[in-house]
Amino acid sequence: MSVSLRLVLGDQLSRDLSALDGLDSARDVVLLAEVADEATYVPHHKQKIAFILSAMRHFAAELRAEGIAVDYVTLDDPQNTGSFTGEVTRAAARHKPDHIVVTEPGEWRVLQAMRGWADETGLPVDIREDTRFFASRRRFARWAEDRRTYRMEFFYREMRRETGILLTSDGEPEGGHWNYDAENRKPLPKGFTPPQRQRFAPDAMTQEVLDLVARHFPDNFGDLEPFGWAVTRADALAALAEFLSHSLPRFGDYQDAMKQGAPFLHHGLIAPYLNIGLLGPREICAAVEAEYREGRAPLNAVEGFIRQILGWREYVRGLYWHRMPAYADSNALDAQRPLPWFYWGGETRMNCLQEVIGQTRQHAYSHHIQRLMVTGNFALLAGIDPKQVEEWYLAVYADAFEWVELPNTHGMALFADGGIMASKPYAASGAYIDRMSDFCGTCAYKVKEKSGPDACPFNYLYWAFLIRNEKALKGNPRMAMPYRTLAKWPEDRRQAIAREAENFLDSLAAS
Ligand code: DLZ
Ligand code: SF4
């Protein structure tokens, strides 16, 4: 009988992980390792590090309670080499297994390292497929083959057909349409009171991790406390149940709305749990669909939510693996400016950015439209170097791992892939933010002013973006309308707007 060493990474905390298939609890050893490389390859938000390490420790305790031998290496173990490769090599020497079993990682960088482990340890390494996703990497590649651009909507329909989720008994989409997004863009009604969302008080194990993070990463971005994330499967399931019963019915209508002082609104707040494995995409889609079938949530909310998981999440993961490593290196709009310092916690007079970055600092969270249309939109309009923007998103959000963060930032928010993913850049002036939020009312800038010292910077940055990228974007049919407007502008107006934008951006770099 052979003995296997089974490694579980910090975002693989699922009992049904393929690396644990066929586990022999009498002989095998499960390895979890807190390693400095993973904590520092980008400067993660303090809460993100605490969340992952605490969830790892709780997962290890649950395996031990099942009678499984767990070798757990802590970050402050004096022998800790600081890397997955070093810890697998050390554990192989300790346990003398016949082979090593792992599930393919979420990041390209880690897969490259894993491919060297057989040489490093002299043992066979079984890298298994991550079966927690609906679509394997091969499945996505089959769909993507022969396509020049990849539109999520078509992939999503195939996934609906394949899984039967939200289909009628005749195999048609429930309600007659595949997508109800047009119903999901309502601003919040006047007098709206945000719902109280469930948070989870740290237990003793989490408190120990919070102390460790405070000691090791005092200068990282973000507030460490109050810490309210679930770190066990049981609590993650409670978070899902709270979302289903309290927020899902209104999630659809208001999913694009933003409100001062209300980071969570009716959002799921489960992406961190899903992305580290405490919840699985199948159980989430089944639970959300059941709310519709039992008449407790409307179709626009249920379809919109399921599309994020069954469509969008699977699609970005497929695209990541299909196009890496080259995907990360394109810079289609030649964006070269450095990331303004206020992203890392400094002050800005732009209230929308101050608010969204402030929420991010407080909670390691901000909802998708804030990521796309406030921090993302600004970085796009300002022409910020994609690598610096990507590092920020990967670092500051509790749910961010490269496979999900990179396509969302590089392709969707920044159009740095030249349109492989999105059919047009998500560029918008201040009017969009004003329509969907209450941020502009208390801003130092005036959203209705197009230029001048009091004008909302998004307004002139928007036109300057179109002018700067005219060659790359003018031929895009979805950009025809703004370019028709721009064509009517006299040359001196174009130059004045471009200059105003440059001056504003130069002033950020200097501050
Ligand atoms: C993000 C992260 C952090 C901060 N720390 C660890 C760790 O100490 N040990 C670990 O196994 N995983 C950690 N992770 C998650 C990994 O970065 C993630 O598993 C890889 O990037 C692959 O997606
Ligand atoms: Fe943001 Fe402009 Fe509105 Fe101020 S006025 S909150 S900068 S969109």
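Which loop holds Pro-325?

Analyst: Pro-325 sits in the loop between α12 and α13 (helices are DSSP runs of H or I of at least four residues and strands are E runs of at least two, numbered from the N terminus). Two notes before we move on. Residues count from 1 along each chain as its sequence is written, while chains are lettered from A and ligands numbered from 1 in the order written. The model is predicted, so to speak: local features need pLDDT of at least 70, side-chain atom pairs count only at pLDDT 80 or more, totals for chains, interfaces and linings use all residues, and side-chain values use heavy atoms, with hydrogens and water left out.

Back to the proline. The bond joining Met-324 and Pro-325 is cis, with omega about 5 degrees. Another cis bond runs from Glu-225 to Pro-226, with omega near 5 degrees, and Pro-226 lies in the loop between α8 (204-216) and α9 (233-251). Most peptide bonds are trans, and most residues other than glycine have a negative phi. Lys-96 is not a glycine, yet has a positive phi of about 45 degrees; look for Lys-96 in the loop between α3 and β4.

Five strands form an open sheet in the order β3-β2-β1-β4-β5, with parallel pairing (a pair needs at least two DSSP bridges). Strands β3 (69-73) and β5 (125-128) are at the edges with a single partner strand each, so one side of each has no neighbour in the sheet. From one strand to the next, the twist averages 25 degrees (axes are lines fitted to C-alpha atoms, for helices over the stretch in contact, and angles run from 0 to 180 degrees between N-to-C directions). Strand β1 (residues 4-7) pairs with β2 (residues 29-33) in the parallel sense over three bridges, and Arg-6 stands opposite Val-30 in β2. Helix α2 (residues 46-65) packs on the sheet, touching β2 and β3, and its direction makes about 160 degrees with that of β3. Helix α3 (residues 84-95) packs on the sheet too, touching β1, β2, β3 and β4 (99-103), at about 150 degrees to the direction of β2.

Helix α2 turns up again in the second largest pocket, where it gives the largest share of the lining, five residues. That pocket holds about 500 Å³ of space. (On a 1 Å grid over the protein atoms alone, a cavity is a set of points where a 1.4 Å probe fits but cannot get out; a pocket is an open set with protein on both sides within 12 Å along at least five of seven lines; lining residues have an atom within 4 Å of a point. Points join across faces, edges and corners, and volume is the space filled by probe spheres set on them.) There are 34 lining residues, and Ser-14, Asp-16, Arg-132, Gly-277 and Leu-279 are the closest to the pocket's centre. Two or more lining residues come from each of α2, α10 (271-276), α11 (281-293) and α12 (299-323). Domain 1 and domain 2 each supply at least three residues of this lining. By class, the pocket lining has 13 nonpolar, eight polar and 13 charged residues (Ala, Val, Leu, Ile, Met, Phe, Trp, Tyr, Cys and Pro are nonpolar; Asp, Glu, Lys and Arg charged; the others, Gly among them, polar).

The largest cavity takes up about 310 Å³. Of its 23 lining residues, Gly-10, Glu-38, Ile-52, Phe-84 and Phe-401 are the closest to its centre. Helix α2 gives the most to that lining, with five residues. The second largest cavity has a volume of about 100 Å³. Among its 14 lining residues, Cys-352, Cys-440, Cys-443, Cys-456 and Phe-458 are the closest to the centre.

Note on methods:
Contact means heavy atoms within 4.5 Å. Domain bounds come from an automatic or database domain assignment.
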